[in-house]
Amino acid sequence: MKFLKNAYVIILMSLLVPTAANATLIQANTISTNMGAINPSFLIQDVINPNGLSALYVSGLTDFDSYVAGTTHSVAFEQWISSENIVTGIISFDFGGNVSLNAMALWNSSWGGSGGAIAVNQFELLFDNDNNFGNGVIGSLGVFNATNTNNPHPSEVFNFASTSLQFLHMNIQSNHGAISYSGFADVVFRSTDMPEPTSLALFGLSLFGLVFFRKRKV
Ligand SMILES: [Ca+2]
Ligand SMILES: [Ca+2]
């Protein structure tokens, strides 16, 4: 009986350990910006779908760390480019419900422009309780610099303290020199929420353990 109980605890622990180490890639449901788009081929919506990346992802299923480490972006026409003469501004992400995030990965733009690259450079991430940057935000997750403008380019990962949020704003403060446009190719986010299938497995195992030990006691 004691052996069985110990075995049960060990199985439970072994399930908990990989869950803590893994983190799931998650994508926003919707995105909007006050920076517009140069034309309908370069909409902001392009940055939250896997088109243009060297591998596909599935939000809520794909492992974040291995995905962003091995995936590049090289398709010049699968990216967002701002309206002319707007190089700074706000991009807002809505996750459709509360999620816990602790990193964003970004694949930048490789387009050149008058004065330099259009790739975004300095930006601040801010979390909010609505989709409106203008009426204030709850807090900042940090100020970051995106430096990689090569083509094809790997992702750059920006880490921050794990935060529960539904709305995230990216306040773009500079690009890499272009005087007329800013842009980037893709973003994904790192979720620290426990993946659903593991939660279910743990729940099932707990229930099994409870029933099993109850039965043995009788
Ligand atoms: Ca894309
Ligand atoms: Ca707000």
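Two residues are taken to be in contact if their C-beta atoms, placed from the backbone, lie within 7 Å. The structure described here is a predicted model. Leaving aside neighbours within four places in sequence, I118 is in contact with I81, S109, W111, G113, N175, A178, Y181, S182 and G183. I118 is also one of the residues that touch the most other members of the largest nonpolar core, together with L106, F184 and V188. This core comprises 43 residues. Its largest share, seven residues, is supplied by strand β5.

Strand β5 (residues 89-108) runs antiparallel to strand β11 (residues 156-172), and 13 bridges join the two. Within this pairing, F93 has L168 of β11 as its bridge partner. Strand β11 also pairs with strand β8 (residues 122-128), again in the antiparallel sense, over six bridges. Here the bridge partner of L125 in β11 is M170.

V120 belongs to strand β7, which spans residues 116-120. V120 counts as buried because 27 C-beta neighbours lie inside 10 Å, the threshold being 20 or more. When residues up to four places away in sequence are not counted, V120 touches N108, A146, I172, N175, S182 and F184. The C-alpha atoms of V120 and N145 are separated by 8.2 Å, although these residues are 25 apart along the chain.

Conventions: Residues are numbered from 1 along each chain as its sequence is written. Chains are lettered from A and ligands numbered from 1 in the order in which they are written. This is a predicted model: local features need pLDDT of at least 70, side-chain atom pairs count only at pLDDT 80 or more; totals for chains, interfaces and linings use all residues. Two strands pair if DSSP finds at least two bridges between them. Helices (H or I, at least four residues) and strands (E, at least two) are DSSP runs, numbered from the N terminus. A nonpolar core is a set of buried Ala, Val, Leu, Ile, Met, Phe, Trp, Tyr and Cys residues joined through C-beta atoms within 7 Å. A residue is buried if 20 or more other C-beta atoms lie within 10 Å of its own, exposed if 12 or fewer, and partly exposed in between; C-beta atoms are placed from the backbone.
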